[in-house]
Amino acid sequence: MAEATKSPNLWKKITGYIPQGIPCLVIVFALFWYIGYHMGVSNMLNTIMHTAHDLLLNTVLYLMGICVVTGAIGRLFVEFGVVNLIEKILRPLMKPLFRLPGVASLGAVMTFLSDNPAIISLSQDKRFSQYFKKFQYISLTNFGTAFGMGLLVIVFMIGQGYFIEPLIGFFGAFCGCIVSTRIMQHFIIKAYPHFAHEDVVQEDSDAAKEEKPEVKSMPIRILNSLLDGGKTGVDVGIAIIPGVLIISTLVMILTFGPGSQGDYTGAAYEGIELLPRLANKINFVFEWLFGFGDPHLVAFPITALGAVGAALSLVPSFASEGWIDGNAIAVFTAIGMCWSGYLSTHTAMLDSLGYRELTPKAILAHTIGGLCAAMIAHAVYVIVTLVF
């Protein structure tokens, strides 16, 4: 009798995994079968390993070096009040442009110097959140994401030999942030009209309490800032490893073609050119909206959806193939900053704020904002090149 009752329960447990397990197996096997069919199984596996290994040595460590340097600079700016100075300069822009209180500019600076989640850790502080209505508070997810890892993206692009183009891209990301934040606020008020007038912090008795900072000498403050910021950079560098190795390897296999001799050898950066073939069918759209001169470039925004660090790893390979120009750098900077892996962070960010159900609306708003950022960067680049 006991065995009879156990059997149906076991069968229910097994069948419970079918709706998700079977499609997962089908998709994974279909993808690798398709790649292996064109490249050969041995070449496919060798290419995956060689590409991941080369990305780890030549791209991840380079990005980590930038993360350490920018992290140290960012922490130094925080320690000596540069962030507060920038925040006060930007404060007058917050309400007319973003419909946010002036103190939100501090969140923009913090995420620009570090990464998207910095805005969430800042928002948990009542001294910060007491200035916000609920619809403004929730929209910080979109607002902060548009500036995430901005310093890293700009420094990386400058390191590729460009200067004006990353600044144009930064302007595009700024405009995309306005679009994304405003659309998200519209969605929030439409779903929860009372959030337009409801304060985040009802009682601010604890908000005014501040700890007295420990007095330290100038050399110690400088040393601690540089080392602590450098450690944060190492953490960010380690955090981008999975995205670069997994996402970039897959995207590169789907983007690049066979070796120089036209056949597959299992070397790094070989692939089946699936994404360019698909993009080529609607290349006029990307050429008109973003000014992309080559269908391979569409791989960057696709990768930036999940991880901007992984997207940056594509740039040196694109440059070596001769696909990169100034317009592409401007557009990459804009869309890389504005999106900065929002598909992988928005859910966790909104969950930490307690509004997980608004995740689809946040993603939709930020998708529109990122596309606007890229189009604006392209338009400004065209105008600048015509004028100068």
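T145 lies in helix α9, residues 140–145, of a predicted model. With a relative accessibility of 0%, T145 counts as buried. Setting aside neighbours within four places in sequence, T145 is in contact with N116, L140, M337, C338, W339, S340, Y342, H346, M349 and H366. Two of these partners, C338 and W339, also belong to the α19 side of the contact between α19 and α21, and H366 belongs to the α21 side.

**Helix α19 against helix α21**

- Helix α19 covers residues 326–339 and helix α21 covers residues 359–387; their axes come within 8 Å and cross at roughly 155°.
- Angles over 145 degrees count as roughly antiparallel, so α19 is roughly antiparallel to α21.
- The α19–α21 crossing is right-handed.
- On the α19 side, the contact is made by G326, N327, A330, V331, A334, I335, C338 and W339.
- On the α21 side, the contact is made by H366, T367, G369, G370, L371, A373, A374, A377, H378 and Y381.
- By class, the residues of this contact are 11 nonpolar, seven polar and no charged.

- Helix α10 spans residues 150–159, and seven of its 10 residues are buried, so the helix is largely enclosed by the rest of the structure.
- The buried residues of α10 are G150, L151, L152, V153, I154, F156 and M157.
- After α10 comes G161, which has a positive phi, near 100°.
- The axes of α10 and α19 are 9 Å apart, and the two helices pack at an angle of about 165°.
- This angle is over the 145-degree limit, and α10 and α19 are therefore roughly antiparallel to each other.
- α10 passes α19 in a right-handed crossing.
- G150, V153, I154 and M157 of α10 make the contact with I329, F332, T333 and M337 of α19.
- Residues three or four places apart in an α-helix point the same way, because there are 3.6 residues a turn.
- The residues of the α10–α19 contact divide into six nonpolar, two polar and no charged.

**The largest nonpolar core**

- The largest nonpolar core has 95 residues, and the members that touch the most others are F98, F143, F147, F300, F318 and F332.
- Helix α19 gives this core its largest share, nine residues.
- F332 is also one of the α19 residues in the contact with α10.
- Apart from neighbours within four places in sequence, F318 is in contact with T255, F256, H296, L297, A299, F300, W323, I324 and F332.

**Y192, in a loop**

- Y192 sits in the loop between α11 (164–191) and α12 (218–239).
- Y192 counts as partly exposed because its relative accessibility is 24%.
- K134 and Y192 are 58 residues apart in sequence, and their C-alpha atoms are 9.6 Å apart in space.
- When neighbours within four places in sequence are left aside, Y192 is in contact with E357 and L358.

**G71, in helix α3**

- G71 is in helix α3, residues 41–79.
- The relative accessible area of G71 is 15%, and this residue is buried.
- L113 is 42 residues from G71 along the chain, and a distance of 7.0 Å separates their C-alpha atoms.
- G71 is in contact with G229 and G230, leaving aside its neighbours within four places in sequence.

Conventions
Residues are numbered from 1 along each chain as its sequence is written. This is a predicted model: local features need pLDDT of at least 70, side-chain atom pairs count only at pLDDT 80 or more; totals for chains, interfaces and linings use all residues. Side-chain values use heavy atoms; hydrogens and water are left out. Axes are lines fitted to C-alpha atoms, for helices over the stretch in contact, and angles run from 0 to 180 degrees between N-to-C directions. Helices (H or I, at least four residues) and strands (E, at least two) are DSSP runs, numbered from the N terminus. Angles under 35 degrees count as roughly parallel, over 145 as roughly antiparallel, 65 to 115 as roughly perpendicular and the rest as oblique. A crossing is left-handed if the near helix is turned anticlockwise from the far one by less than a right angle, and right-handed if clockwise. Contact means heavy atoms within 4.5 Å. Ala, Val, Leu, Ile, Met, Phe, Trp, Tyr, Cys and Pro count as nonpolar, Asp, Glu, Lys and Arg as charged, and the others, Gly among them, as polar. A nonpolar core is a set of buried Ala, Val, Leu, Ile, Met, Phe, Trp, Tyr and Cys residues joined through side-chain atoms within 4.5 Å. Buried means under 20% relative accessible area, exposed over 50%, partly exposed in between (1.4 Å probe, protein chains only).
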